[in-house]
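Try each task before you read its solution.

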Amino acid sequence: QRPDPDAAAPLPHDASASRRSYDVDALAEEIVEKLTYSIGKSPARARKYDWLRAVTLTVRDRIIDHWLEAEDARAASGGKQVAYLSMEFLIGRLLRDAINNLNLTTQVAEALKRYNVDLDMIELLEPDAALGNGGLGRLAACFMESMASVGVPGFGYGIRYVHGFFRQEIADGAQVELPENWLLHGNPWEFERRERSYEIGFGGKVTSVVGEPGKPPRQLWRPAERVLAVAYDTPIVGWRGAHVNTLRLWSAQALDPILLDAFNSGDHIGALVESNKAEAITRVLYPADSHQAGQELRLRQEFFFSSASLQDIIRRHLETNESLSNLHDKVSIQLNDTHPAVSVAELMRLLVDVHGMEWDEAWEITRQTFSYTNHTLLPEALEHWPIHLFERLLPRQMQIIYAINAAVIRQAMESKGFDGGRIAAISLIDENNGRRVRMGQLAFVGSHAVNGVSALHTDLMKETVFHALHELYPDRIQNKTNGVTPRRWLMEANPGLTSLLKETIGEGFLDDISKIRDVERFATDAGFRDRFAAVKRENKARLADVISERLAISVDPDALFDIQVKRIHEYKRQFLNIIEAVALYDQIRSQPATNWTPRVKVFAGKAAPSYLQAKEIIHLANDVARVINSDPAVRDLLKVVFIPNYNVSLAEIIMPAADISEQISTAGLEASGTGNMKFALNGALTIGTLDGANVEMRDHIGEENIFIFGLTASEVAQRRREGHSGRSVIEGLPLLRDALHAISSGVFSPDEPNRYNGLVGNLYNNDWWMIAADFQSYWDTQRRADALWADPAEWNRKAILNTARMSWFSSDRSIREYAADIWRTGTDA
Ligand code: Z16
């Protein structure tokens, strides 16, 4: 281990001496002070980015006061901490979140106004921290904020990607991926902690060293390559500044940035090769959600951040504890999906090989320390690594996995009489597809608790991927339904609704979101309904402005806004939604006299760069939009809009502006969904299948206040067993048949009439995602929505009930459940 430059006892921190003031005068003065002495600009010469930086630094100081206190309190209490290991944290912007959680919004805005600077404008300049793909990464970000709000002492551990999720542009209707560069102007939120750095090894050999008499030989791993992991810390402040937790992201650096030998001997380029290779590890986020990336670099990333985090956890533990034998009492490590699952083997290596612990004790501690969250059942998303790659990169961890596997299999045979098929099912090694390490199995057996992210998903986990492991360990799987933070997704994204709620039911819901239910009795109050509708209209006008600015398409805020935003994936069925738009277009043209409900269909989302069908769906949405929007025959009855570059900040504008939220995945395939929760909390009515958390949303909101349609998960499974294909369904539904014909004959792609032959052909020949199977039910349900729209009082009543009844889907509730049932932090959260 390298020497610790700050190993000397830290000086006691005197919070009161350094506390920064919250009043407007002090803030105004300090902002200028930052501008002058940290940035080197006078107010007169400062540009807007300088103001952003000055405000950020000023707000940051206030967080630091709380942060240092939290650290001291934590150290003094010796209580249990949570380490949330996640390859992704999809944070978005931090400034508004920080200002809101410190309750500083009016003061900061007021202070800036003195210099004629607009806080809202400044906030928009901050780049999104887009260190994630979608739901999984955003969940990690909501959880970090909720842990800090609820008071669960936690560390987030992840990767400081230089380039986050790619920027999407649409060129001639198709997705183009451009590199994202969030660190271009520096990152005022992070603190580099060079003293917190660890060596991470790759490759090399394992040698057996004869140990003391009577003890087994020790294994010594001598990696061929070594890379340095350097910590960057970002404080995450909770509601009312009560707690501040740390997001610790690792950056890879070469041990010797320039190999002096090579450099001195004149090989300047050769000397840089190693540093390039090292730094490549944290260069870029893999942009595939729900699909295993499979490259060596990805496995390097996974091991890199797992090992760094574990070494850090161990070092911090040993700062205040005698030994590692009580590690599981002091820290709980949550594995966010299998991306950090190699941690199970790495912790065993650190305990046994490096710290000399007996295998059995190490295994007990490891299992008590880890827990694992599964986020998908899709077979193509489950991680498994070819043995030869794993062995070459991580030879010692491979040995450990074999040893764990042997023990688990022995136990399964002895205790439960498992044989052939069931042994193959639980084995950490998949022997069928060229031998592979199964990361889900590794995470499962290495954890004391395994959870799904919605009730349905958890049930399906028990029946499918983990059927045999569930039989072996029947108490291990539990459910923890996802949630979203109401601070970002209600208070910050929807200030209009937040003020209205404050005026109507008081401020209690800000601290305890369950109190939002008090607004239920106003659902039948005509005056309140009108004000609720006015807020929605304003939010829609704001989105209409964005659409107009970015796409030069004008949409009417009084039309029904029907919105589907999320990653583009076949199972999420944006295609079904587009087909409905085409069918509607057809009907409007052929029955112009009908009293159609004016609709704006909004789409946004990114496709993985290598996912061709998903990219075709984006292309189709854009093609359909172009044709429909320029057809005078539809007048303003139907508009289709694809907004490019969906990200957290755009979501904050979109979620409050929806009348209908589309949650239409093939039942059984969306593990939970979290966008569904953000929409409903902001008063959109959901049209959805009985999938993921939609099921529980229906239970909370009431089935009369949500539009449920389509096959259930078990019906989908049955149809697939029966060998369903779309052809007969399509041939029996003229509406669907004609819409598909229009798409496949080039009505929307005259420049390339065959562009969508493949996409449409799949529906006829296979319809794996049950799009044809669910079409009629979807269409009928949309028309029911039209009918309800004609009765604004009823619509708004239901919308209000959605807002009133969504509080259970707060990530505060999720975090409390994790803390009570899995982490056992003992915090009375
Ligand atoms: C992801 O975002 C999710 C699953 C997965 O395997 C990989 C990624 Cl990047 C999503 C689920 O699709 C979604 O249903 C769920 O709400 C979310 O994870 C958080 O649990």
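**Exercise 1.** How many residues surround the ligand, and which are the closest?

*Solution.* Start with the ground rules. This is a predicted model: local features need pLDDT of at least 70, side-chain atom pairs count only at pLDDT 80 or more, and totals for chains, interfaces and linings use all residues. Residues are numbered from 1 along each chain as its sequence is written, and side-chain values use heavy atoms, with hydrogens and water left out.

Now count the residues with a heavy atom within 4 Å of the ligand. There are 16. The closest are L136, H375, N482, E670 and G673.

Next, sort the shell. Five residues are nonpolar, eight are polar and three are charged. In this sorting, Asp, Glu, Lys and Arg are charged; Ala, Val, Leu, Ile, Met, Phe, Trp, Tyr, Cys and Pro are nonpolar; the others, Gly among them, are polar.

**Exercise 2.** Find N or O atoms of E670, N482 and A671 that lie by an oxygen atom of the ligand.

*Solution.* Take E670. A side-chain N or O atom of E670 is 2.6 Å from a ligand oxygen. Then take N482. One of its polar side-chain atoms lies 2.8 Å from an oxygen of the ligand. For A671, look at the backbone: an N or O atom there is 3.3 Å from a ligand oxygen. The protein covers 95% of the 450 Å² of accessible area (Shrake-Rupley method, 1.4 Å probe) that the ligand has on its own.

**Exercise 3.** Which domains each give at least three residues to the shell around the ligand?

*Solution.* They are domain 2 (78-93 + 128-481 + 816-823) and domain 3 (493-723 + 769-809). These bounds come from an automatic or database domain assignment.

**Exercise 4.** Describe the interface of domain 2 and domain 3.

*Solution.* Count contacts, meaning heavy atoms within 4.5 Å. Here 39 residues of domain 2 touch 36 residues of domain 3.

How values were computed. Near = heavy atom within 4 Å. Polar contact = N/O pair within 3.5 Å; in protein donor to acceptor, adjacent residues only side chain to side chain.
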